[in-house]
Amino acid sequence: MKTIQGPGIFLSQFIDGQPPFNTLEGLAEWAASLGYKALQIPCNHPSIFDLEKAAESQDYCDEIRATLAAHGLVISELSTHLEGQLIAVHPAYDAAFDGFAPDAVRGNPAARQAWATEKLKQAARASSRLGLNAHATFSGALAWPYFYPWPPHNALLLDEAFKELAARWKPILDCFDEHGVDLCYEIHPGEDLHDGATFERFLQLVDHHPRCNMLFDPSHLLLQQIDYLAFIDRYHARIKAFHVKDAEYRVNGRSGVYGGYQPWIDRAGRFRSPGDGQIDFGAIFSKLTQYDYSGWAVLEWECCLKQGDAGAREGCEFIRRHIIPVSERAFDDFAAGSEDRASVRRMLGLAGDAHD
């Protein structure tokens, strides 16, 4: 077994225009002061991390690594959640998601998709230059407006949506394979890959691509009322990244899983800082360790109640407490019996020669 790496922190929720959160140097110093060992870096802030430059320049990547190393940090993964979203956008969401793209391609879905595809391929090259073996993203969604269909289920519509999604991602997956990096889709409502069933459907259509993997975030499973521990049992071979994010689901007589168009504070299901929700992280870390997950445990801080800096500070110690240093030997080795075949046959009451 292997020891999970951590603690890491996803920077997206903390980047803003004020020091120390407006430069990579400042963010690194802040994260290191809290005790973090790795940063998961989003690719949509060129002033923090220039993806285009990283894809082409080994010198730039070496400078980034040196900047972090000076604070005792490494990169856990790069993230293209927003760019991945733009690989597949249903027309109903065109206006909403245009803000994730540069001005030059807004209002032009085909150009926007081409831009996003190039960004994902740049992320594959940059990840390789940085010595990373996993990358975090979203799948995008063509079928999401029909996730709870009325009029009733249209099999052909969903078949076409997933075939198109697979066709758009297959060249990107091939690019990640060329660079030796696993592409990890965060299983997340709002994406076509939002549970095990949709991931399996997509995986089959990309011919069980070896680079098609998951970012495991139990909060999104709890809020869908999915057994997140059984999920690990079923999909552990494809889990290559891990967000530590807590959540709670409070059954009531007014609203449920869909949220009732309410703000987070009023929903039945809502995100919480680690340790403040209902998720059994002790069991999660145990299962991931059992299945030899050797990647990073990365805090993604989202909470409808707690202040962010407090969540980041507490989250670091929370992850540290849950990481299980794996043993190099079994606890009962001291009582091990004989491995001599003749001896064990005598213990079994068997006479004569052993049979191979």
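I began with Lys245, which forms a salt bridge with Glu300, the closest N and O atoms being 3.4 Å apart. For a salt bridge I took a side-chain nitrogen of Lys or Arg within 4 Å of a carboxyl oxygen of Asp or Glu. The pair links distant parts of the chain, 55 residues apart: Lys245 is in the loop between strand E7 (239-244) and strand E8 (246-249), and Glu300 is in the loop between strand E10 (296-299) and helix H12 (308-322). Helices (H or I, at least four residues) and strands (E, at least two) are DSSP runs, numbered from the N terminus.

The model is predicted: local features need pLDDT of at least 70, side-chain atom pairs count only at pLDDT 80 or more, and totals for chains, interfaces and linings use all residues. Residues are numbered from 1 along each chain as its sequence is written, and side-chain values use heavy atoms, with hydrogens and water left out.

Glu302 sits in the loop between E10 and H12, 57 residues from Lys245. I then noted that Asp217, Lys245, Glu300 and Glu302 are linked in a network of salt bridges.

Are these side chains buried or exposed? Lys245 is buried at 1% relative accessibility, and Glu300 is buried at 6%. Glu302 is partly exposed, with a relative accessible area of 24%. My classes were buried under 20% relative accessible area, exposed over 50%, and partly exposed in between (1.4 Å probe, protein chains only).

I checked another pair. Asp94 and Arg112 meet in a salt bridge at 2.6 Å, N to O. Asp94 lies in helix H5 (residues 94-97) and Arg112 in helix H6 (residues 109-129), so this pair ties together parts that are 18 residues apart in sequence. Arg112 is buried, with a relative accessible area of 2%. The count by the salt-bridge rule comes to 21.

Last, I turned to the surface. Tyr148 is in the loop between strand E4 (134-137) and helix H7 (155-178). I found Tyr148 exposed, at 62% relative accessibility.
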